[in-house]
Amino acid sequence: MQTFTRMDQATVEHWQHIVVEGKRVQETTPVRIKRMLRQLEDINYGFAVNQLEHSLQTATRAERAGASEEMVLAALCHDIGKAISVPNHAAISAEILRPYVSQEVYWVIKNHRDFQGRFYYQYLGQDPEAYRKHEGHPAFDLAMQFAGEWDQRAFDPEYDTFSLEHFEPLIDHFFGCS
């Protein structure tokens, strides 16, 4: 138990204990990620499937298309930020993934709304060509594939979707590392 109430009162022993506790907490990251994903089950927005099912479908489609493991993980977690904030979900999801995936995959998730927006922005008074501002980025083609082939198609209640349990080893592998 720590006895200081201000950081400038801490000792080296305090910080050694905090580092040990921090590692212990970090080991629970896979459990917390799964919990956040399960929270998406309560979010629907009027789609034919809830946001957990949408995330599972996106990841299933990515896996079946032969995407890398980190891209499948990112597809699974691309909307995890909606458990916290819908307007900022892409940035939140990307930041959660950032320490665990490549810069390319991080960028795809951070910008996925613009790429998916080509299918719906016009209905919201936004520019459906917004994704074009990203042309020339090394991950542009991957973002187009993510949004066009996996994400925007993942609202089908009849789709044969892998369960969250199917993806748990992937979550444990990526988020279990320190």
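Which residues of helix 4 are buried? They are Met71, Val72, Leu73, Ala74, Ala75, Leu76 and Cys77. Buried here means under 20% relative accessible area, exposed over 50%, and partly exposed in between, with a 1.4 Å probe and protein chains only. The model is predicted: local features need pLDDT of at least 70, side-chain atom pairs count only at pLDDT 80 or more, and totals for chains, interfaces and linings use all residues. Residues are numbered from 1 along each chain as its sequence is written, and side-chain values use heavy atoms, with hydrogens and water left out.

The protein has eight helices and zero strands. Its pattern along the sequence is α-α-α-α-α-α-α-α. Helices (H or I, at least four residues) and strands (E, at least two) are DSSP runs, numbered from the N terminus. The C-alpha atoms fill a box of roughly 55 × 35 × 30 Å along the principal axes. The chain holds 178 residues, and 43% of them count as buried. Contact means heavy atoms within 4.5 Å. Among contacts between residues at least 6 apart in sequence, 65% join residues at least 24 apart.

The accessible surface comes to about 9700 Å². Carbon and sulfur atoms account for 52% of that surface. Areas come from the Shrake-Rupley method with a 1.4 Å probe; for residues, only the protein chains shown count as cover. The protein carries 17 positive and 26 negative charges, and their mean positions are 4 Å apart. Lys and Arg count as positive and Asp and Glu as negative, while His and the chain ends are not counted. Each charge is placed at NZ of Lys, CZ of Arg, CG of Asp or CD of Glu.

Helix 4 spans residues 69-77 and is mostly covered, with seven of its nine residues buried. Those buried residues pack against helix 2 (29-39), helix 3, helix 5 (89-97), helix 6, helix 7 (140-151) and helix 8 (164-176).

The loop between helix 4 and helix 5 contains glycine 81. Glycine 81 is buried, because its relative accessible area is 0%. Beyond its neighbours within four places in sequence, glycine 81 is in contact with His89, Ile92 and Ser93. Glycine 81 and isoleucine 92 are eleven residues apart in sequence, and their C-alpha atoms lie 4.9 Å apart.

Histidine 134 sits in the loop between helix 6 and helix 7. Its relative accessible area is 12%, so histidine 134 is buried. Leaving aside neighbours within four places in sequence, histidine 134 is in contact with Trp107, Asn111, Asp114, Phe115 and Phe140. Aspartate 141 belongs to helix 7. Aspartate 141 counts as exposed, because its relative accessibility is 62%. Its C-alpha atom is separated by 18 Å from that of leucine 73, 68 residues away along the chain.

The largest pocket holds about 300 Å³ of space. It is lined by 15 residues, and the closest to its centre are Phe47, Lys82, Gln116, Tyr120 and Phe155. Helix 3 (51-64) and helix 6 (103-116) each supply at least two lining residues. Helix 6 gives the most, with three. A pocket is an open set of points on a 1 Å grid over the protein atoms alone, where a 1.4 Å probe fits, with protein on both sides within 12 Å along at least five of seven lines; lining residues have an atom within 4 Å of a point. Grid points are joined across faces, edges and corners, and a volume is the space filled by probe spheres set on the points.
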